[in-house]
Amino acid sequence: MLLRQLRTSLLAQATLVIGVLLIIALLRAIFALGLNWMGQHDDAAIENIHALHSSAYQLTLHAARSETGLQPGDETARLQQQLQNEHLRQALHRPGREDLLATWERVNRIGTLELLPAIEQGDKARFLRHAGAFGHEIDQLAAGLQEARVRLQRLDLQQVVVIMLLVISLQLLAIYILRVRVARPLDRLLDATEKLRAGNLDVRVEYQATDEIGRLSTSFNMMAEALADSHRGLEERVQKKLHKLAQANAALELLFRSSHSLAHSLHSAEALQELMQRFQALLPGLKLQLSLEPEARAAVTDGVSPGAALAAGEAGEAGRAGTVCRYPIRSQGFVMGEIRAHCDVAPTPAGWEDDLIRALADLIGSALVLRRQREQDNQLLLFNERNTIARELHDSLAQSLSFMKLQISRLQALILQGKDCHAVEAVAEELRTGINDAYAQLRELLTTFRLDIGAGGLSAALQAAVQEFSRLSNLDIRLRADALATPLSDQEKVHMVQIMREALANCVRHAEAIRVEVVMRQAGDEVELIVEDDGCGLCGPAPGLPQHGIAIMQERARSIGGTLLLEPRQPRGTRVHLRFRPRLLAQPSKESS
């Protein structure tokens, strides 16, 4: 277990190295303490031997000089004490010092058995006879202890060298392990981390080991692999989302174009067939088939036999395998046909395909209803125009012709009565004036009937009328046409232009004005048209006041649901004020009421 941990754990290996260093340090301390203790005893022993040598020398010198013999004294007691020194005994009783111990025993025997008894007995000759051998043995013992002390110092030095070599070896080993198994793998990990942060998800750490760095590398590789898998999955999901968004954008664009196309050019079966082909290109997994009711088919084919795209399609459906989903075409509660989707791949259309086909069905239904509504509006507009033409012919030209008919009858009566030429000429002049008025009214009616709101819109039509009256008269006409927030119908635009033309015509004929201002604007939900002049006004001298023109303007205002007011303008002049609510805004209120 311990060996396995040492092989698989850097921490265990570092702990082992630190432990070995601690053991070495402890052993070095113990060995140093032992050497120090032995060195202290050796030093004490050497000092004692030197003292013993000095005592023996003093005694020998005293014996040689003394003529009366030896007398026991302090030196004798010191010699006896030095021969029994404990430090010397411990220094000599060590392994490897047997020869020194034998020398000490000889010294101790000579000193104890020969010198001390000679001193006590006062035997000078005996003392001097053994003092030389005693000194020789002491010198040998001192030399041996000195040599032993040097050996201890040499051993201490060898121990220091060995420990230093061992510590250096362990340090080199630790540095090698840190370099090979820590620094390099960490460098690889850091380099891989930088590459991973830079977006390289394929980077991996090529380091296989069972230690902590190896497990960290394995974890990093697993994390990088998980990130790569997640990124690939995210890319796939993003691609799917982008594909769905592209499909949705294509579907929206197709719906927009199809709505615009159907709103402006739904006039043939070929248009519907082209529309179905465009949707078919967007739905490759489905086969679309359009089937319309007879009334709806007649509406788009104008009574001509429909093509294959609008046929009932029973034979095609019977010969096709797979699921068939039907999408009814409804609008305003009427069923005008259906779209059949033949599913060859999936059991049912996908969610977005189902929504797109339903939107197509609603679009076709709305287009068919819009076409029907347009036809009805065109018929109603034609009917109203015919009524307007008949009414204006009756109110203007018919009355002028009736007046001329009466004048002709009066002229015939004057001729039959034989009246003078002056009376006949007066009637003829009135008849000529009536003919001129009728001709002017006819020209005005022709201008009115030919009026068309072109591509420029209402503002361009108003500007064209203003330029026409400015060119035919000396009036200074200024127009201010604001943009309208609510679109107007063609009928409303035509009536507004005709009311303005009639007001300008009255200014030219009767008002004796110099300047005219025309303003078109929207005030809330209402549209206003104001024509102001600086002429003589309603109360001024205006022979032949244009009651007929005023009546026509009021009739036009009523036909679009508005009001027309004629009022004096301060300080002089006349103000014609038209106000009406566009039909687009009036419809909700009518439905709610």
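**Close-ups from a predicted model**

**View 1. Strand S1 pairs with strand S3.** Here S1 and strand S3 (residues 334–343) run antiparallel, with seven bridges joining them. This is a predicted model, as are the other views.

**View 2. Arg575 and its contacts.** Arg575 sits in strand S8, which covers residues 574–580. Its side chain makes a polar contact with the side chain of Glu532, at 2.4 Å. Setting aside neighbours within four places in sequence, Arg575 also touches Ile530 and Val531, along with Leu565, Leu566, Glu567 and Arg569.

View 3. Between Gln570 and Pro571 the peptide bond is cis, with omega at about 5°. Most peptide bonds are trans.

**View 4. A nonpolar patch on the surface.** Four residues make up this one: Ile23, Leu26, Leu27 and Ile30, which together have about 410 Å² of accessible area. Take Leu27, which is found in helix H2 (residues 10–65). Is Leu27 buried or exposed? Leu27 counts as exposed because its relative accessibility is 52%, and the cut-off for that label is over 50%.

Methods: Residues numbered from 1 in each chain as written. Predicted model: local features only at pLDDT ≥ 70, side-chain atom pairs only at ≥ 80, totals over all residues. Heavy atoms only, no water. Helix = DSSP H or I, 4+ residues; strand = E, 2+ residues; numbered from the N terminus. Polar contact = N/O pair within 3.5 Å; in protein donor to acceptor, adjacent residues only side chain to side chain. Contact = heavy atoms within 4.5 Å. Patch = residues over 30% accessible without salt bridge, like charges linked within 9 Å, V, L, I, M, F, W, Y side chains within 5 Å. Areas by Shrake-Rupley, 256 points an atom, 1.4 Å probe, with all protein chains shown as cover. Salt bridge = Lys/Arg side-chain N within 4 Å of Asp/Glu carboxyl O. Buried < 20%, exposed > 50% of the residue type's maximum accessible area, 1.4 Å probe, protein only. Pairing = 2+ DSSP bridges.
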